[in-house]
Amino acid sequence: MPGKSRNVTNRKIFVLDTNVLIHDPTSMFRFEEHDIFLPIMTLEELDNHKKGMSELARNARQVSRALDAMLAFTGAIDEGIALDKPSMGQATGRLIFQTEAIPIDLPPALPTTKHDNHILAVVIHLQNNNPGQEVILVSKDINMRIKARALGLQAEDYFSDHVLEDTDLLYGGCRELSANFWDKHGRGMESWTADGKTCYRIQGPLCPELLLNEFIYLEGENGTTEFAAIVKEIAGKKAVLETLTDYTHPKHAVWGIHARNREQGFALNLLMNPNIDFVTLLGQAGTGKTLLTLAAGLNQVHEIRRYAEIIVTRVTVPVGEDIGFLPGSEEEKMTPWMGALEDNLEVLCRPEETSGGGIGHYGGEWSKAATHDLIKSRIKIKSLNFMRGRTFLKKFLIIDEAQNLTPKQMKTLITRAGPGTKVVCLGNIAQIDTPYLTEGSSGLTYVVDRFKGWPHSGHITLQRGERSRLADHAAEVL
């Protein structure tokens, strides 16, 4: 990918594969001073993908409209189209189209009927005819990049959409304090009580590093928590901390569920806070993301009546985005994808538990019947395909498997929120099923990074699995 230099003598030629344009329709404007070359096969593949209502088809049409707008105000295109005006100054290179037939100079083993091989032939031709410039193929297709390198060509992934190069640097939502924290920050401390919680105004070297709604804690012996609070205000080297509701205690149970570890307690503090409009929960399978969110949603819909209903949606990646082949209404089509929802609702709908933690004798059929009644009455299951143009008022919106959303799709969903709506995104960035998305470019990573520090959003990464000893052991050894 291009560097930060503006030296024209170092201008490179980037050949864009079709999947780059479809993945990010604005990718033509992300290469700064360097030139972009579009092979005729890239345009042909764009034409093949333009039909339909999927996100892929919409992006293909957006690219075609952008190209048409640039060509409308340009005469001859043999020398390329300057990108400074169309990109509003973001790019200063040229957009070059393939305007002549290029001889296919490929090894005999490679079939010339494949579009990918035609694009590779274009890269070889440009490399031979521009010995003073670097020619680089940019593709989201791993096999395409491997073939290019095998032919001695330069090839790179498209990195401009990556929020972070290393997801280990992703904001975790909480911070462990050092043992001498109060020695450095307790001098001149003020404290008061508001809404049943204690607030502390502290000052010290750590305060400028804190973020609004970040959790901080002091760990005691045997993994216990000596002190935990959330950052409510930051002003220079001063910060205001507010103590938390202890959701690990059964008396603070939410819809019969209490937190089993510190991070789950942090998550419930975010989910139950009416001043937090946007919550993101990351974690491996079994950390309790869906269970905690549904418990908080049911409590605030049925008991507190803060929200009118719960809306659940998720990406249907394994069989593609089109769910039309399934019979029934929109909700009936989405039902096969909501197995995790029903599993968690059965736990939340148990009328009685045995002392051993299992379902009592009123479980089974009663629990299943109550689950379906709840789904029909206050929980609506919606498909992502029909979210455009909608506005949700006083809803508790849950976006499950959010790691499979692109940043653009995530923006489309979050901007559906109207007054009084809370949006909760759940996901595990280690389990991405969408083609061409990585941990660094996932929409979930994108919103966690962009929303951190906003006064009305919160994030926590759940660490510990809470399913069973079998599941915990399997996670370790398999």
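Axes here are lines fitted to C-alpha atoms, for helices over the stretch in contact, and angles run from 0 to 180 degrees between N-to-C directions. Helices (H or I, at least four residues) and strands (E, at least two) are DSSP runs, numbered from the N terminus.

Before you click, know what is loaded. This is a predicted model, where local features need pLDDT of at least 70 and side-chain atom pairs count only at pLDDT 80 or more, while totals for chains, interfaces and linings use all residues. Residues are numbered from 1 along each chain as its sequence is written, and side-chain values use heavy atoms, with hydrogens and water left out.

**Whole chain**

Show the cartoon. The chain has 14 helices and 18 strands. Of its 478 residues, 49% count as buried. Buried means under 20% relative accessible area, exposed over 50%, and partly exposed in between (1.4 Å probe, protein chains only). Contact means heavy atoms within 4.5 Å. Take the contacts between residues at least 6 apart in sequence: 67% of them join residues at least 24 apart.

**Stop 1: helices H2 and H4**

Select 40-49 for H2 and 115-129 for H4. Their axes come within 9 Å and cross at roughly 150 degrees. The two helices are therefore roughly antiparallel. On this scale, angles under 35 degrees count as roughly parallel, over 145 as roughly antiparallel, 65 to 115 as roughly perpendicular and the rest as oblique.

Which residues make the contact? From H2, show Met41, Thr42, Glu44, Glu45 and Asn48; from H4, show His115, Asp116, His118 and Ile119. By class, the H2 contact with H4 has two nonpolar, four polar and three charged residues. Ala, Val, Leu, Ile, Met, Phe, Trp, Tyr, Cys and Pro count as nonpolar; Asp, Glu, Lys and Arg as charged; the others, Gly among them, as polar.

**Stop 2**

Two strands pair if DSSP finds at least two bridges between them.

Zoom in on E2 and E4 (residues 94-97). They pair in the parallel sense over three bridges. Leu38 stands opposite Phe97 in E4.

**Stop 3: loops beside the sheet**

Select the loop between H1 (18-23) and E2 (35-38), which holds Asp24. Asp24 is buried, with a relative accessible area of 14%. Leaving out residues up to four places away in sequence, Asp24 touches Arg30 and Tyr158.

Glu32 lies in the loop between H1 and E2 as well. Its phi is positive, near 55 degrees, and Glu32 is not glycine. Most residues other than glycine have a negative phi. Is Glu32 buried or exposed? Glu32 is buried, at 15% relative accessible area.

Move to the loop between E3 and E4 and pick Thr92. Thr92 is partly exposed, at 38%.

**Stop 4: helix H8**

Select 289-303. H8 has 15 residues and reaches 21 Å from its first C-alpha to its last, close to the 21 Å expected at 1.5 Å a residue. The expected span is 1.5 Å times one less than the number of residues. Twelve of the 15 residues are buried, so H8 is largely enclosed by the rest of the structure. Among them are Leu292, Leu294, Leu298 and Val301. Arg305, which follows H8, has a positive phi near 60 degrees.

**Stop 5: strand E16**

Find Ile398 in E16 (residues 395-400). Ile398 is buried, at 4%. Beyond neighbours within four places in sequence, its contacts include Thr293 and Leu294, as well as Ile310, Val312 and Leu426. Leu426 is 28 residues away in sequence, and 7.5 Å away C-alpha to C-alpha.

Step back to Lys394, in the loop between E15 (379-383) and E16. Lys394 is not a glycine, yet has a positive phi of about 50 degrees. Lys394 is partly exposed, at 43%.

**Stop 6: strand E18**

Finish at residues 457-462, where six of six residues are buried. Ser457, His459 and Thr461 point one way; Gly458, Ile460 and Leu462 point the other. Six bridges join E18 to E13 (residues 278-283), and the two run parallel. Leu282 stands opposite Thr461.
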